[in-house]
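I opened this structure to see how its inside is put together. My notes follow in the order I looked things up.

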Amino acid sequence: MPEIKVTPLGAGQDVGRSCILVSIAGKNVMLDCGMHMGYNDDRRFPDFSYITQNGRLTDFLDCVIISHFHLDHCGALPYFSEMVGYDGPIYMTHPTKAICPILLEDYRKITVDKKGETNFFTSQMIKDCMKKVVAVHLHQTVQVDEELEIKAYYAGHVLGAAMFQIKVGCESVVYTGDYNMTPDRHLGAAWIDKCRPDLLITESTYATTIRDSKRCRERDFLKKVHETVERGGKVLIPVFALGRAQELCILLETFWERMNLKAPIYFSTGLTEKANHYYKLFITWTNQKIRKTFVQRNMFEFKHIKAFDRAFADNPGPMVVFATPGMLHAGQSLQIFRKWAGNEKNMVIMPGYCVQGTVGHKILSGQRKLEMEGRQILEVKMQVEYMSFSAHADAKGIMQLIRQAEPRNVLLVHGEAKKMEFLKQKIEQEFHVNCYMPANGETTTIFTNPSIPVDISLGLLKRETAIGLLPDAKKPKLMHGTLIMKDNSFRLVSPEQALKELGLAEHQLRFTCRVHIQDPRKEHETVLRVYNHLKGVLKDYSVQHLPDGSITVESILIQATAHSEDQGTKVLLVSWTYQVGILERTYISSSSHWS
Amino acid sequence: MLDCGLDMTSTLNFLPLPLVQSPRLSKLPGLVLKDGSTFLDKELKECSGHVFVDSVPEFCLPETELLDLSTVDVILISNYHCMMALPYITEYTGFTGTVYATEPTVQIGRLLMEELVNSIERVPKAQSASTWKNKEVQRLLPAPLKDAVEVSMWRKCYTMPEVNAALSKIQLVGYSQKIELFGAVQVTPLSSGYALGSSNWIIQSHYEKVSYVSGSSLLTTHPQPMDQASLKNSDVLILTGLTQIPTANPDGMVGEFCSNLAMTVRNGGNVLVPCYPSGVIYDLLECLYQYIDSAGLSNVPFYFISPVANSSLEFSQIFAEWLCHNKQTKVYLPEPPFPHAELIQTNKLKHYPSIHGDFSNDFKQPCVIFTGHPSLRFGDVVHFMELWGKSSLNTVIFTEPDFSYLDALAPYQPLAMKCVYCPIDTRLNFIQVSKLLKEVQPLHVVCPEQYTQPPPSQSHRTDLMIDCQPPPMSYRRAEVLTLPYKRRYEKIEIMPELADSLVPLEIKPGISLATVSAMLHTKDNKHVLQLPPKPPQPPTSKKRKRVSDDVPECKPLKPLLSGSIPVDQFVQTLEKHGFSDVKVEDTAKGHIVLLQEAETLIQIEEDSTHIICDNDEPLRVHEGRKVKLCCLGCSDAI
């Protein structure tokens, strides 16, 4: 039986280094190629030796698909393609293709230039890697080869994020990447049609969370920022340069405008301005409202938000700073955090998910004394707030997507095992489909049961449907044909056509049965009696009395002769071909008895 | 329905609509017919020997009489120029279907319509001429009005609410997106290389493929290059929207455009470029961007005046995915793909919604003005024609190929201004067409009649027609053409349970047959074969009636048989089944097998078998049949 095999090399019961191998109808596809923010050793990249132990990546993989530009989905790409070695196609959307290399370069700089690591990918490798990328449009059907096709759907989440359908023949898999089912201030909601894939591989970051309304969260966020600024405190919002940053900037920008606030808002790193530029150029990927009004007012041109300079951190008085990276694991956000952590007037707002091992994760889990580099202990007195602004679908959203796509199986990745377990049960209960949650390196096999497409001759189809046109065209009806199988081609034709095509002669099979009845009358009278009787009994059939004295019921022939010895006995010869339905025959033989 | 274009050449028969009262136009004499009658002098005016209708310009619609447009399910749009009649169709014909177009096509199409509506609505005209349209009257008029076709069908411009309603019926699609229509056919837009978002369309079923090639370009300008590979293996290729100026080379024309522009400005004159607000203007601005410094034109102001100028310039920058490779790469940097962003930033190019307002303060001469409409009948261009027409220092440069420039200029005669004709039409010429057809090799080509003969004005140029084998099938307005192919097969799906139950039999090496008796389900033009239902259960509950309603009467049909029966084997099988008294007699054509005890006689011939049973018991016959079938195992049931 055909099967689909799925092996996560990363993101199996975990968040980070998303990388999922899918084998479908003889094709091997790798979904995402991310890095893990919680690790600094080998574990930060997926373990590609799973594939390379049996040969080259290029020979094994038919293509690689990147869902969006977040590093936990694309961070290992240059390592994978240039250091391990992969020369096949890599697919991603245009915005992802544009932004991905910048984040990779940023990541490389932090790792190599700041942390001094060697044996890491180089700038040139990023460039070479990007040359292998093929950009795809939304909804475009990309023919990877003769059989394998992929198609991108809008996923919300971040600019250019996409879900991908992978299809071979009539078997298909949908991979969601990260997605968001509710539109926000700058992006739309994920959307997919009822494509009924054999398998839906979905992220499950917020598998157990059902978030309150977005409006409440926004109001809460603004209130906290406002209060801190009012009492002269500083607000640090660690974000990734692209994504939530723009969302929160739009939120604060409109709030500042409305409340006429004066406290400065800064955005750290040179990346930002560039980042906003991408949003301007790829405005077709944002939500409807922004797209509609961009000619009059581009939402990504901020009036109140200015570029941050390192020296500003020591300025007295209130301010709000967006700083990268978002999990406080390195860079500017961590520097500012260290400066401000000691003052209880200040506040840090974590607007997104933090991976285990990061400073962000530690302070969110209540830790207030942190060991920094050089055994230094940092005491955190500032207020720590967590507010989920990450654009992931919550439990409700995940269920909604399943309802939209109607998959036959579901597989969870990109989440924590415990939460997955809960969601898995919920999915199995509500949709009665199998739900899987493999760990990294564990293979899940799903059996598919595809129907077989064959060519039917229009003559046969028309004949069958024409019969069906009356009285009810929608009613299913029985059809008879012959399937010719030749060199992997399947054609369904009428039996007559099949015989003709193959140059075979028909072999006629006829049955004749002698039925003896007691009837002293003349032969033609007997025939007439039988005829009248049959006509009365078999109202739905065409019963005919032929001039030569015989009777036909459809294709069944009945003749009567007198018995050679006993004139009082008449012999009925009932003759039919093999193709005559058993029903007619039974009727005739039984009714002949009757008479 | 493929495309929905508007014939705007009808407007050339009308007087221009001036933004500001024009003494010259209002003083034009009324028409006096040959017989001296003057009843038309309010409607028709004469200017330098030409007659014009003094009324709001009207457009010639697509043929709407030929068929009931409410029966059209789908309209496929190939580019923004080919959708200008959409509001007339979607709002006035009972059309309830869907329109498919790409996002840039819709956005820029909206801008073109907006400009059209705006430039006509802001110059309200009190009178609306209709007397001249009367067939009896039209006959008396001088050419070309006398020969204008279907004047009764000409319509005034639509309104913005109608435009919005029409555009709301459009479904956005992307290149290479497969769109299922009613399960019967699949349509796919492909890049055609002519304009932002311009598409050719593939219309295909599982076995037939029709390509619709309209407005395509092989030149490298700003749009994504034309996708030729996907047009291969077409049964029919419908070819239209070729270049209107097959003899002009677009590159040469651009060069001429630049040099004429520079010369005029250097001599202190102004340059007027009548144009559409999107399309070639982007390429012209890009050329000028490279040209102005070297030509010493850095201080000459460039103005782009259109109610949609700003939108057009902004929109051009956000369709990165629809642009050629070079422009896409720029967006990745991230930089705006078109250099007119820089021209605007450095104040070399300024754009205004109209000549009123800011423009009148900023206006400096000599200058270069891009403005519409290319027909010179409405829009801001009318104002500049009136303003600059009297001076031979000024130049009007025609770049759009849709209108004859002489006809466009007719109501402005006599004219002192220089006129330069540099039509830039990047669409396919005949050399490119033959190359394309050789490349994609369609079985049949279908095209408008005009493409199958040389242009009437150059009847010796046999190179200016489509040349392919077999010769193209041509069509004319309101003609019905039957496409030359016969459908023979359709796709059907066999459900796995049914497939499992099939018993294939190898008839010849490599060829197997299986008899299929199955339920045919047809839904949304998709056919599925399932296992036939089990014979109806004896009635057990009240629901019985409903069940038998759903399940059609099920008569298992016996397959056709083929092959012949080896007698020896047959006899052996019979004996195995307990017939001990089998006797075989040879006949002329075959054999007779006698089963005395069963009172049965079996005649076996090459292509037929006849079982005659002397017994009343039908059961017996069944048994015989069973045995018989066993023997036929080595023969074939089809």
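**Core**

I began with Ile201(A). Setting aside residues up to four places away in sequence, Ile201(A) touches Val6(A), Ile20(A), Val22(A), Leu31(A), Val173(A), Val174(A), Tyr175(A), Thr176(A), Leu411(A) and Val413(A). Contact here means heavy atoms within 4.5 Å.

A note on ground rules: this is a predicted model, where local features need pLDDT of at least 70 and side-chain atom pairs count only at pLDDT 80 or more, while totals for chains, interfaces and linings use all residues. Residues are numbered from 1 along each chain as its sequence is written, chains are lettered from A and ligands numbered from 1 in the order in which they are written, and side-chain values use heavy atoms, with hydrogens and water left out.

Next I looked up the largest nonpolar core. It has 271 residues, and Ile201(A), Phe221(A), Phe337(A) and Phe370(B) touch the most other members. Such a core is a set of buried Ala, Val, Leu, Ile, Met, Phe, Trp, Tyr and Cys residues joined through side-chain atoms within 4.5 Å. Buried means under 20% relative accessible area, exposed over 50%, and partly exposed in between (1.4 Å probe, protein chains only).

**Aromatic rings**

I counted pairs over all chains and got 36 aromatic pairs. Rings of Phe, Tyr and Trp (its six-membered ring) pair if their centres lie within 6.5 Å; planes under 30 degrees apart are stacked, over 60 edge-to-face, the rest tilted.

I picked Tyr279(A) and Phe300(A), a tilted pair with 4.9 Å centre to centre and 40° between the planes. Tyr279(A) sits in helix α9 (residues 271-281) of chain A, and Phe300(A) in the loop between α10 (288-293) and β14 (305-307), 21 residues apart. Helices (H or I, at least four residues) and strands (E, at least two) are DSSP runs, numbered from the N terminus. Both Tyr279(A) and Phe300(A) are buried.

Then I took Phe398(B) and Tyr405(B), also a tilted pair: 5.7 Å centre to centre, 50° between the planes. Phe398(B) is buried at 4% relative accessibility. Tyr405(B) is partly exposed, at 24%.

I also found one aromatic cluster, formed by Phe45(A), Phe48(A), Tyr79(A), Phe80(A), Tyr86(A), Tyr107(A), Phe120(A) and Phe121(A).

Val420(B) lies in strand β16 (residues 418-421). I asked: is Val420(B) buried or exposed? Val420(B) counts as buried because its relative accessibility is 12%. Beyond four places in sequence, Val420(B) touches Asn260(B), Thr395(B), Val396(B), Ile397(B) and Phe398(B).

Leu483(B) is in the loop between β18 (473-475) and β19 (489-494). At 29% relative accessibility, Leu483(B) is partly exposed. Leaving aside neighbours within four places in sequence, Leu483(B) contacts Val236(B) and Val446(B).

Asn13(B) lies in the segment before α1 (23-26) of chain B. Asn13(B) is buried, with a relative accessible area of 11%.
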